[in-house]
Amino acid sequence: MANFEKAPAEVREILSKPIQQLGLKLEGGPLERFVRQLYKELDAKGLTKFRPRCYLSDEWGCPSMEPVIGIPFYLADPKLQRLEAAMNDIEDARQIMMYMRHEAGHAFNYAYALFKTQEWRELFGPFRRAYRDNYKPVPFSRQFVRHMEGWYAQKHPDEDFAETFAVWLTPRSNWRKRYQGWGAMRKLLYMDRIGHELGSTDPVVAHGNTDITVDEMDLTVGEFYEHALDQQLSPGDLPLDTDLRDIFNVSKRRTQNVRPAGELLRENRKVLIDKVNYWTGVQRPLVKKLVESIEAKVNELGLRADKQCEREYLTEISVYATALAMTYIARGKFILP
């Protein structure tokens, strides 16, 4: 249970309860408004016949070739939200809708079997291409849209389409102007045309099958998070001492207008994780552990920050963490021997 030390005390009582016995529902809960918002946006784009079923599952997802959307169960209950926030990072309203639009893109692809057409394959690539978790993107490529953090559209043709759909669907995304001159514009124009052509057409696959639902999850909440933590990658013991001493080089004899550097990093932890994750595409849990490793090392070394230079420190730490993350993408390690 050591992994749950950061969980709020009032939340720990649910750790021993099976997830399927928590009575979690979409209807009437905090997620219902996001489902309604998605359907409203589909209507606004003229997709009046496409209504992907949403259900609670173990993670965000759309089972392959099934036009349904799985939403993480922890978003359906305030206590679970607090636990997720303590263990990982909880999605805010903006991020929830980004995921909803992305998964709706997969569901739209499957509902109308677009991936089987020659035009889709010519634009996005072969649907049967193998998935790779550790793909190496080409940063800032204009052949792909940018929607979710990192360069996720480059992971697989199916993800490329889902990201394209999400950009097209997002209200006020101004995609025609933002992507003017990009190679990705061909994909967006295709999506716009297909959206108009199929808007009032019944889906080829109207009712999809779900994968695991919340009612089938017999793991306890604690077991679920123990398993999730076991699956996460770790940056390992990184030799950061010299670099961090160079960044926070305040003399130990100084007593005025200084404070612990770890305190500064703790206050800005989420912003640092957000930015490094967005611009590098390294998995968010791994970025989180990297930032936490930097913070822990700063505390261990007893480093301090000049209060008048805090913006400069945050800029330098952001660049430093980003450089480490990009090295990980290129070489598979944050720091090479």
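Is Leu26 buried or exposed? In this predicted model, Leu26 is buried, because its relative accessible area is 10% and the cut-off for a buried residue is under 20%. Leu26 lies in the segment that comes before helix 1, which covers residues 32–44.

The surroundings of Leu26 can be described by its contacts. With residues up to four places away in sequence left out, Leu26 touches Leu31, Glu32, Val35, Cys54, Tyr55, Leu56 and Ile71. A separate distance was computed between Leu26 and Ile90: the two residues are 64 positions apart in sequence, and their C-alpha atoms are 17 Å apart in space.

The chain as a whole contains 13 helices and 4 strands. Its radius of gyration is 22 Å, close to the 20 Å given by the globule rule for 337 residues, and the chain is therefore as compact as a globular protein of that length. The C-alpha trace spans about 75 × 50 × 35 Å along its principal axes.

Of its 337 residues, 50% count as buried. Among contacts with a separation of 6 or more, 74% are between residues 24 or more positions apart.

The chain exposes about 17200 Å², of which 49% is supplied by carbon and sulfur atoms.

Technical notes. Residues numbered from 1 in each chain as written. Predicted model: local features only at pLDDT ≥ 70, side-chain atom pairs only at ≥ 80, totals over all residues. Heavy atoms only, no water. Helix = DSSP H or I, 4+ residues; strand = E, 2+ residues; numbered from the N terminus. Rg over C-alpha atoms; globule rule 2.2 N^0.38 Å. Buried < 20%, exposed > 50% of the residue type's maximum accessible area, 1.4 Å probe, protein only. Contact = heavy atoms within 4.5 Å. Areas by Shrake-Rupley, 256 points an atom, 1.4 Å probe, with all protein chains shown as cover.
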